Each structure stands twice: as structure tokens, then as C-alpha cells.
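Dear colleague,

I am handing over the structure below, and my notes on what was found in it follow directly after. Please read them with the model open beside you.

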Amino acid sequence: MLQLAGCDWQPVWVDYFNGATRQEDFRRDFNELGELPVLVHGKKTLTQSGAILTYLADHLGKFGGRDADEKLEVLRWILFDNHKFTSYFATLRFLFGLQKTGETPVTEFLRARALSAFGLVEKHLTDRSFLVGDRLTIADLSLAGYVFYDEPTGIDRSQFPHIQAWADRIAAQPGWQHPYDLMPGMPG
Ligand SMILES: N[C@@H](CCC(=O)N[C@@H](CS)C(=O)NCC(=O)O)C(=O)O
């Protein structure tokens with residue numbers, strides 16, 4: 001979002017994998033919920049990607065819904081994303097692709113849930129270029145958060161050609177960079 005909106009911004013390394021977000025000072029100073037991402041803008045510190053995206057869309061006047069109906073539609077997709085799409089897929093990627101747990105009942109459950117969410121999004125994108133209003137919005141940016149990663153998840157992404165084409169459309173936007181190239185300390 002910050003990159004596509006042409007913002008002057010800086011990523012800050014947080015040693016997530018070594019427990020930085022579980023430290024008391026992180027929870028006191030940045031996020032009592034112990035999660036990333038965190039946006040610090042002037043005196044404002046915001047967490048939850050959906051709240052951050054909504055704030056940025058309002059503040060920058062970019063990628064938000066154009067009227068009350070579109071704003072609600074965008075919110076609907078962000079909530080779906082946080083509950084069903086990115087959450088299951090990201091947790092599956094974390095266990096299967098990064099922690100390399102191998103197949104367990106948990107990874108099987110997560111994959112089934114992620115596949116179901118991918119199927120719904122695939123169907124929605126069959127006859128449209130973007131999720132809401134046929135233009136790029138923060139709904140797309142929310143759902144696209146993890147689709148550019150390719151660690152193994154046991155999901156055959158070629159089953160979802162419309163999701164792939166949508167991700168390619170997002171990657172073709174001026175200013176886009178791969179998330180790994182934007183985050184310090186990641187492979188890329
Ligand atoms: N719904 C939250 C999810 C945030 C989230 O789970 N972030 C992960 C890192 S990508 C995290 O910090 N997890 C720590 C934990 O669950 O304890 C959002 O969209 O910001």
C-alpha cells in the first residue's frame with residue numbers, strides 16, 4: 001500500500017522469529033496484541049492490517065471505496081480476508097513452509113480451509129479484474145498480502161488461474177515491489 005501510493009516510508013526490522021513481539025516493551029510501546037504489522041505515522045501507532053489500510057486509504061485518498069456502499073464492500077472483503085483467506089493460508093505457510101512440521105492434522109485442516117477460501121475468491125474473480133468496483137482497492141491489497149510468497153504449502157496454485165492473473169495485475173501496478181524486497185531481513 002505504502003509503496004503503491006508512492007509514500008515516503010521506511011520498513012523497520014522486528015525480530016519476530018526470535019520473540020520480539022512477545023516482549024513486554026514491544027507490547028507496551030507498539031501493540032498490546034503482540035502482532036505485526038505496526039504502522040507508526042507521526043504520533044499515531046496503528047495495528048491490524050485492515051485498520052492500517054483503512055487509515056491509509058482515508059489519509060492518502062487512494063485505494064479506498066468511492067462511496068458508502070463500496071466502503072462496506074471493501075470492509076466485507078477485509079473481514080473475510082482476516083478470518084478465512086490470509087489467516088488460514090499464512091498459518092499453513094508458517095507451519096508447513098517455514099517451520100517444516102510436515103503433514104499433521106493441523107496442516108491438513110488449515111489447507112482444507114485455505115483451499116475453500118481460495119475457491120471462493122477464484123470464483124469471485126472469474127469475471128472481474130479486482131475484488132471491488134473493478135479497480136485496485138485496499139480489499140485487494142489485504143487479500144494479496146501472502147499470495148506473492150512461494151514457500152511450500154501443499155496447495156497447487158495452478159488450480160487458481162484467476163487468482164494468479166489478479167496477483168499479476170497487482171504486481172504490474174506502478175511502484176509495486178515484491179514483499180521480500182521491501183522487508184528487511186527476508187530472502188529476496
Ligand atoms: N489480523 C492481523 C493478523 C496479524 C498477525 O497475525 N501477524 C503475525 C505476523 S504476520 C503475528 O504477529 N503473529 C503473532 C502471534 O500470533 O502471536 C492483521 O491483519 O494485522
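Helix α3 (residues 68-98) packs against helix α4 (residues 105-124) at an angle of about 140°, and their axes are 9 Å apart; helices here are DSSP runs of H or I with at least four residues, strands are runs of E with at least two, and both are numbered from the N terminus. The axes are lines fitted to C-alpha atoms, for helices over the stretch in contact, with angles running from 0 to 180 degrees between N-to-C directions. That angle makes α3 oblique to α4, given that angles under 35 degrees count as roughly parallel, over 145 as roughly antiparallel, 65 to 115 as roughly perpendicular and the rest as oblique. On the side of α3 the contact (heavy atoms within 4.5 Å) includes W77, F80, K84 and F85, while on the side of α4 V106, T107, F109 and L110 are among the residues involved. By class, this contact of α3 with α4 has 16 nonpolar, 3 polar and 3 charged residues, where Ala, Val, Leu, Ile, Met, Phe, Trp, Tyr, Cys and Pro count as nonpolar, Asp, Glu, Lys and Arg as charged, and the others, Gly among them, as polar.

Please keep in mind that this is a predicted model, in which local features need pLDDT of at least 70 and side-chain atom pairs count only at pLDDT 80 or more, while totals for chains, interfaces and linings use all residues. Residues are numbered from 1 along each chain as its sequence is written, and side-chain values use heavy atoms, with hydrogens and water left out.

Helix α4 also meets helix α6 (residues 161-171), the two axes coming within 8 Å and crossing at roughly 70°, and α4 and α6 are therefore roughly perpendicular to each other. Here F118, V121 and E122 of α4 touch P161, H162 and I163 of α6, a contact with 4 nonpolar, 1 polar and 1 charged residues.

Turning to the ligand, the residues around it are Y16, G34, E35, L36, P37, Q48, S49, N82 and Y146, each having a heavy atom within 4 Å of it. A polar backbone atom of L36 is 2.7 Å from a nitrogen atom of the ligand, and an N or O atom in the side chain of Q48 is 2.8 Å from a ligand nitrogen atom. For S49, a polar side-chain atom lies 2.5 Å from an oxygen atom of the ligand.

L36 and P37 are joined by a cis peptide bond with omega of about 5°, and P37 is in the loop between α1 (24-29) and β1 (38-41). Q48, in the loop between β2 (44-47) and α2 (49-60), has a positive phi of about 75° although it is not a glycine. Most residues other than glycine have a negative phi, and most peptide bonds are trans.

Best regards

Terms used
A polar contact is a pair of N or O atoms within 3.5 Å; within protein, one must be able to donate a hydrogen and the other to accept it, and residues adjacent in sequence count only if both atoms are side-chain atoms.
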